[in-house]
Amino acid sequence: MQRQTKSKTVAKSRLSSGRPVHQNSNNSMCHDVWPCKHPVFDQVRCLVSHLNMSAPVLFESYVRSQGYPFTEEKKLDEFCEPDQAFPPFVSSLSDKERVINLYQIFVFFNASLDNITKDQESLGDVESKEDLLRRLRNTTNNTGGLLSNLTCLLCSKYKVNHVDVTYGNHSSTDSFEKKQKGCQILRKYTKVISHAAQALGHCRHKQT
């Protein structure tokens, strides 16, 4: 059975601009969402920038921890083709549509991170994966914060209470396929987050 993280959105892949409704309507992604603080999009920009800087190192740590054939760069295209279900970043969108696009990307990625982390823990030899697991958890924390900011923007500024999202397929019980799926997700993520960071521009605050 496909594993999914809990979300207040419906699992579909269609880009949707949502429907404007009362911000605090029950049974919506906006339930209990408070008005945004003024620089919230600056926070989004900085989090995307930070995630972009950490993405290549996360991917390198992942492939190193999986062993052969993932450690062979020449074999990556054969065994680690970028995931096709991962939502793309679309540059030619309005500000509202861009926030929706980012929300879709990070709902998908946050669910995938949870699955990847659980798979790595279940595959054993956790001590040798200490660096990878730390990076996965840090990335999960950052994407969670980013989703909170994006949700705030959608609900408070754009009055959107529903976005169609997809979680992808992560149902294999085979050890190699688990490693392969994680590799495919993280490889595609490095490309998508790079495009997003370039489009959003530089963070105005000092990165830590």
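Buried means a relative accessible area under 20%, exposed means over 50%, and partly exposed lies in between, with a 1.4 Å probe and protein chains only. This is a predicted model, in which local features need pLDDT of at least 70 and side-chain atom pairs count only at pLDDT 80 or more, while totals for chains, interfaces and linings use all residues. Residues are numbered from 1 along each chain as its sequence is written, and side-chain values use heavy atoms, with hydrogens and water left out.

The description starts with the disulfides. A disulfide is a pair of cysteine sulfur atoms within 2.5 Å, and a search of the whole structure finds four of them. One joins Cys30 to Cys155, with an S to S distance of 2.0 Å. Cys30 lies in the segment before α1 (40-66) and Cys155 in helix α4 (residues 130-157), so this pair ties together parts that are 125 residues apart in sequence. Helices are DSSP runs (H or I, at least four residues), numbered from the N terminus. The torsion about the S-S bond of Cys30 and Cys155 is about -85°, so the disulfide is left-handed. Cys30 and Cys155 are both buried.

Cys36 and Cys152 form another disulfide, with their sulfur atoms 2.0 Å apart. Here too the pair links distant parts of the chain, with Cys36 in the segment before α1 and Cys152 in helix α4, 116 residues apart. Cys36 is partly exposed at 24% relative accessible area, whereas Cys152 is buried at 10%.

In the disulfide between Cys80 and Cys183, the sulfur atoms are again 2.0 Å apart. Cys80 lies in the loop between α2 and α3 and Cys183 in helix α5 (residues 175-200), so the pair ties together parts 103 residues apart in sequence. The torsion about the S-S bond of Cys80 and Cys183 is about -110°, so this disulfide is left-handed. Cys80 is buried at 0% relative accessibility, and Cys183 is buried at 0% as well. With the bonded cysteines of the chain numbered in sequence order, the pairing is 1-6, 2-5, 3-8, 4-7.

Aromatic contacts come next. Rings of Phe, Tyr and Trp (its six-membered ring) pair if their centres lie within 6.5 Å; planes under 30 degrees apart count as stacked, over 60 as edge-to-face and the rest as tilted. The whole structure holds five aromatic pairs. In one of them, the ring centres of Phe86 and Phe109 are 5.9 Å apart and the planes are at 45°, so the pair is tilted. Phe86 lies in the loop between α2 (76-79) and α3 (95-122) and Phe109 in helix α3, so the pair ties together parts 23 residues apart in sequence. Phe86 and Phe109 are buried. Ring pairs link Phe86, Phe108, Phe109 and Tyr189 into a cluster.

Side chains of opposite charge can pair when their charged atoms come close. A salt bridge is a side-chain nitrogen of Lys or Arg within 4 Å of a carboxyl oxygen of Asp or Glu, and the count comes to nine. Among them, Lys178 and Asp119 meet at 3.9 Å, N to O. Lys178 lies in helix α5 and Asp119 in helix α3, so the pair ties together parts 59 residues apart in sequence. Lys178 is buried at 16% relative accessibility, and Asp119 is buried at 2%.

Arg137 forms a salt bridge with Glu121, the closest N and O atoms being 2.6 Å apart. Arg137 is partly exposed at 40% relative accessibility, and Glu121 is partly exposed at 33% relative accessible area. Salt bridges that share partners join Arg64, Asp131, Arg134 and Arg135 into one network.

Definitions and conventions. Helix = DSSP H or I, 4+ residues; strand = E, 2+ residues; numbered from the N terminus.
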